[in-house]
Amino acid sequence: MIGFIRHFSLLLFPLGILAVEVKRPRGVSLLNRPFYDESKPFTCLDGSLTIPFDQVNDDYCDCKDGSDEPGTAACPNGRFHCTNLGYKPQYLPSSRVNDGICDCCDTSDEYNSGIVCENTCRELGLQEKESLLHMAEVAKVGFTLKKQLIEEAKKMKEENKVKLAELQEGKKSLIDQVETLRAAKDAAEIPEKEAKEVHEKAWEERKAVVELEKERAKALEIFVELDADEDGVVSIGELQSHTELDSDGDGVLSEAEAQALLGDVSHVEVGIFQEIVWHTIKDKFKSEDRFIRESPEEYIRTTQATKKEDEEEKMPLYDEHTQNLVEAANRARSAFEAAERSLREMEDSIRDLENEITFDFGPSGEFAYLYSQCYELTTNEYVYRLCPFHRVTQKQKGGGAETNLGTWGSWSGPEENKFTSMKYEHGTSCWQGPNRSTTVKLSCGKETAVTSTTEPSRCEYLMEFVTPALCEEPQDIDNSTGHDEL
């Protein structure tokens, strides 16, 4: 059996160190010392076997749980306890005992390997203490700020409740105003509509007269073109030259077909042609004049005439009476729309305040100050932006559109403290991948800032965020009682 070694228990007090000698087998923690009594047989810690005590640390594994070989590498599932005086105790897999690598800062795991290790526990302990002192200082300042944030949150919540009550009261008045203006608008639109209808009806009637005159003029023009012998009538023979009017599809306008188009007579005068014949043939008729190339002067005259006709087809301005009614209705509509817009904006403000008042900002409302803020972190390539309780975005450092890395989902920390993590979901989808999402890990800090952003998995981002809202009141390290084992 590998023999006992002497260990010491240290009680750290403000004024010094008290060492107490505690004898126990190598690799056994002070906590487990009562199970290793050299005056009695040893029972495996899992209760599976009892062996003579001299078989403890004899470099042969007897217990299934490896508890009989805490100081050797004999058991594959054994655990070796490093005392690490001046630093933190730790457990190692027993396979690391005497493996030629110094794992325990007090070198106790390499007692028989021939390796010379340096005891670094004191230095690590000092570093640990400095780190703890720094963390305690941060926590102290952060906790002071947290108390201020809680007070500000309480004050802000009360102010929001007052503001909400005022808005809700104002909404009632604004609803009445909207309804009054709606009635005024409706009343103004009735005479406006009637006057517009009168104006438009007169214009339609005028257009109909003009169109009729144009149609008669066109019919006269075609009559003159068809009346080749200028005898004042259009005959069957004159009409037959226009084979496009053929009705049976043989490509020839027969005498009978031409007579039918003239109304079963041999010839027609201009009046009958304008009133009856023209309406029968105009959809198929092709004027021979269209094949004659216009001179530049004629082209200009034709273009100007067409432009004039287009202008004439536009509805003329309203008369003074109608225009006054239109302007009055426009004023009524503008007033109503402005009031209705104000009502929508007020309803949005009410909804936002209700959400803010009822939102879970932590046990004492300490996270409320983050609600309307955004925080940025600039890296070599991107600018990341966190707007707590709203969204997370990313954009190229040189500019460009933002990419949504997720919108607010919920607090996502462990059950005992859900406020240590935020989840933002349903961001912009990755190409051939899932929608982007971001987990924000919160920790105590004297300031509020995004400290790092990584992408541990494709399209899943991790953001580190420090805030005083997560700081707890620190214990006084200098006046606390520590306890190390030897």
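**View 1. The disulfide of Cys102 and Cys117.** The S-S bond of Cys102 and Cys117 has a torsion of about -75 degrees, so this disulfide is left-handed. A disulfide here is a pair of cysteine sulfur atoms within 2.5 Å. For Cys102 and Cys117 the distance from S to S is 1.6 Å. Both Cys102 and Cys117 lie in the loop between β6 (90-93) and α1 (121-226), so the pair ties together parts that are 15 residues apart in sequence. Helices (H or I, at least four residues) and strands (E, at least two) are DSSP runs, numbered from the N terminus. Cys102 is partly exposed, with a relative accessible area of 37%, whereas Cys117 counts as buried at 19%. Buried means under 20% relative accessible area, exposed over 50%, and partly exposed in between (1.4 Å probe, protein chains only).

The structure is a predicted model, in which local features need pLDDT of at least 70 and side-chain atom pairs count only at pLDDT 80 or more, while totals for chains, interfaces and linings use all residues. Residues are numbered from 1 along each chain as its sequence is written, and side-chain values use heavy atoms, with hydrogens and water left out.

**View 2. The disulfide of Cys44 and Cys63.** The sulfur atoms of Cys44 and Cys63 are 1.9 Å apart. The torsion about their S-S bond is about -80 degrees, so the disulfide is left-handed. This pair links distant parts of the chain, 19 residues apart: Cys44 is in the loop between β3 (42-43) and β4 (50-51), and Cys63 is in the loop between β4 and β5 (79-82). Cys44 and Cys63 are both buried.

**View 3. The disulfide of Cys374 and Cys387.** Cys374 is joined to Cys387 with an S to S distance of 2.0 Å. Here the torsion about the S-S bond is about 110 degrees, so the disulfide is right-handed. The pair links distant parts of the chain, 13 residues apart, with Cys374 in the loop between α6 (320-358) and β9 (375-378) and Cys387 in strand β10 (residues 382-387). Cys374 counts as partly exposed at 33% relative accessibility, and Cys387 as buried at 10%.

**View 4. The chain around these pairs.** The protein chain has six helices and 17 strands, and the count of disulfides comes to eight. Of its 486 residues, 33% are buried. Among contacts (heavy atoms within 4.5 Å) with a separation of 6 or more, 45% are between residues 24 or more positions apart.
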